[in-house]
Amino acid sequence: MLNRRSLLLASLAAGVTMTTTAARAKPSQPATPVDFDVPADACDCHTHIHGDPEKFPFAATRVYTPEPASPEEMAALHKALHIKRVVIVTPSVYGTDNSATLFGIKARGKDARGVAVIDDKTTEAQLDTMNAEGFRGIRLNLATGGINDPNVGRARFQAAVERMKARGWHVQLYTTPAMIAAIKDLVIQSPVTAVFDHFGGAQAELGLEQPGFADLIELVRSGKVYVKISGAYRSSKRGPDYADMIPFAKALIEANPERIVWGTDWPHPDSTIRADRKPTDIAPLFQIDDGRLMNQLPVWAPDAAIRKQILVDNPARLYGF
């Protein structure tokens, strides 16, 4: 495997601008042991692979450039967390190139599933191949691209549903509660399951009454959607335990524990668009203690049977393990 210096040199050869200090960093590994019994076949439902930039070049249209994160490093993470299964999601930095995600899936074999990014040029034959390779859904990343126009969100969701309705895949969305409210009627009517990332984009400081969160709760209660209680650090500034996320997690779980899944969001990319950072400058990965983060799950779901639903049963149903 290439070391960090080799990756830096490869990335420079590929035309990717990276700072030397950032390129020497590594994705975080758990510093805190898991303090509860993790059920067999537990699944981390939201991760990413950032491959060697020479083999897996970033899209020219990306808004940030992440540090490398390999399948071997992901395997070490999951060994520490006692997690067997994984869902790997194609990040926005690759556009519609799902090669790095497939690389991660192949490394984990039957214990991995993928969520792809596609466009109008993606053929049905390509989707058939991806299904055989372990992909089970497509992702609409509205948040990272700054898409807040409800008309755009509705059109993109409708187009995704049209592509997926005969295939049995789901449509995963990274967006905001306001956008969820704007597409709620489409989600209710959709023949395709919707999955919302990262608490549906809710922000802890705005409270449970923030516009759109009640709509998310209603959708979860209806059984039409799944929500990933993942990436708490994206919703809260009160790390490392994110205590202000407790009411959100409990509200979602109480609404329908059969429609909640959990994920780390490893390797914790910083997709923030900043005036002092060009898209080609490397964005250092957030250093999150995933052991400590996972230990919040018993706080959010004290009942071991419900934790098994969240970690095992729901992912098995949604991703076809």
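Buried here means under 20% relative accessible area. I start with that cut-off because Lys184, at 17% relative accessibility, counts as buried by it. The model I am looking at is predicted.

**Entry 1: Lys184**

I looked up where Lys184 sits and found it in helix α7, residues 177–189. I then listed what Lys184 touches, leaving out residues up to four places away in sequence: Asp215, Glu218 and Leu219.

**Entry 2: the whole chain**

I counted the elements next. The protein has 13 helices and ten strands. Its radius of gyration is 18 Å, close to the 20 Å that the globule rule gives for 321 residues, so I note the protein as being as compact as a globular protein of that length. Along the principal axes, the C-alpha atoms fill a box of roughly 50 × 45 × 40 Å.

I also checked burial and surface. Of the 321 residues, 56% count as buried. The accessible surface comes to about 13,300 Å², and carbon and sulfur atoms hold 53% of that surface. For contacts with a separation of 6 or more, I find that 79% are between residues 24 or more positions apart.

Is strand β5 enclosed or open to the outside? Six of the seven residues in β5, which spans residues 135–141, are buried, so the strand is largely enclosed by the rest of the structure.

I followed the pairing on each partner strand. Strand β4, residues 112–116, runs parallel to β5, and three bridges join the two. Ala116 has Ile138 of β5 as its bridge partner. Between these strands comes helix α5, residues 124–133, and β4, α5 and β5 make a right-handed β-α-β unit.

The other partner I looked up is strand β6, residues 170–174, which pairs with β5 in the parallel sense over five bridges. Gly137 has its bridge partner in β6, namely His170. From β5 the chain crosses through helix α6, residues 150–164, to β6, and this β-α-β crossover is right-handed too.

**Entry 3: helix α4**

Which residues of helix α4 are buried? In this helix, residues 99–108, I find Ala100, Thr101, Leu102, Gly104, Ile105 and Arg108 buried. For reference, an α-helix has 3.6 residues a turn, so residues three or four places apart point the same way.

I then asked what lies over these residues. The cover on the buried residues of α4 includes α3, β3 (85–89), β4, α5 and β5. Just after the helix, Gly109 takes a positive phi of about 65°.

**Entry 4: His78**

His78 is found in helix α3, residues 71–81. Its relative accessible area is 1%, so I count His78 as buried. Not counting residues up to four places away in sequence, His78 touches Asp44, Thr47, Ile83, Val86 and Arg108. Arg108 is also one of the buried residues of α4.

I took one distance from here. His78 and Val261 are 183 residues apart in sequence, and their C-alpha atoms are 16 Å apart in space.

**Entry 5: cysteines**

How many disulfides does a search of the whole structure find? The search finds zero.

I looked at one pair in detail. The cysteine sulfur closest to that of Cys43 is in Cys45, at 3.7 Å, which is too far for a bond. The cut-off I rely on is 2.5 Å between the sulfur atoms.

I checked burial for both residues. Cys43 is buried, with a relative accessible area of 0%. Cys45 is at 0% relative accessibility and counts as buried.

**Entry 6: Ala194**

Ala194 is found in strand β7, residues 194–196. Its relative accessible area is 1%, so Ala194 is buried. Leaving aside neighbours within four places in sequence, I find Ala194 in contact with Phe157, Val171, Leu173, Val187, Lys224, Val225 and Tyr226.

I closed with the separation from the cysteine of the previous entry. Ala194 and Cys43 are 151 residues apart in sequence, and 19 Å apart in space, C-alpha to C-alpha.

Definitions and conventions. Residues are numbered from 1 along each chain as its sequence is written. This is a predicted model: local features need pLDDT of at least 70, side-chain atom pairs count only at pLDDT 80 or more; totals for chains, interfaces and linings use all residues. Side-chain values use heavy atoms; hydrogens and water are left out. Buried means under 20% relative accessible area, exposed over 50%, partly exposed in between (1.4 Å probe, protein chains only). Helices (H or I, at least four residues) and strands (E, at least two) are DSSP runs, numbered from the N terminus. Two strands pair if DSSP finds at least two bridges between them. A crossover is right-handed if, with the strands pointing away from the viewer, the path from the first strand over the helix to the second runs clockwise. The radius of gyration is taken over C-alpha atoms; the globule rule is 2.2 Å times the number of residues to the power 0.38. Contact means heavy atoms within 4.5 Å. Accessible areas come from the Shrake-Rupley method with a 1.4 Å probe; for residues, only the protein chains shown count as cover.
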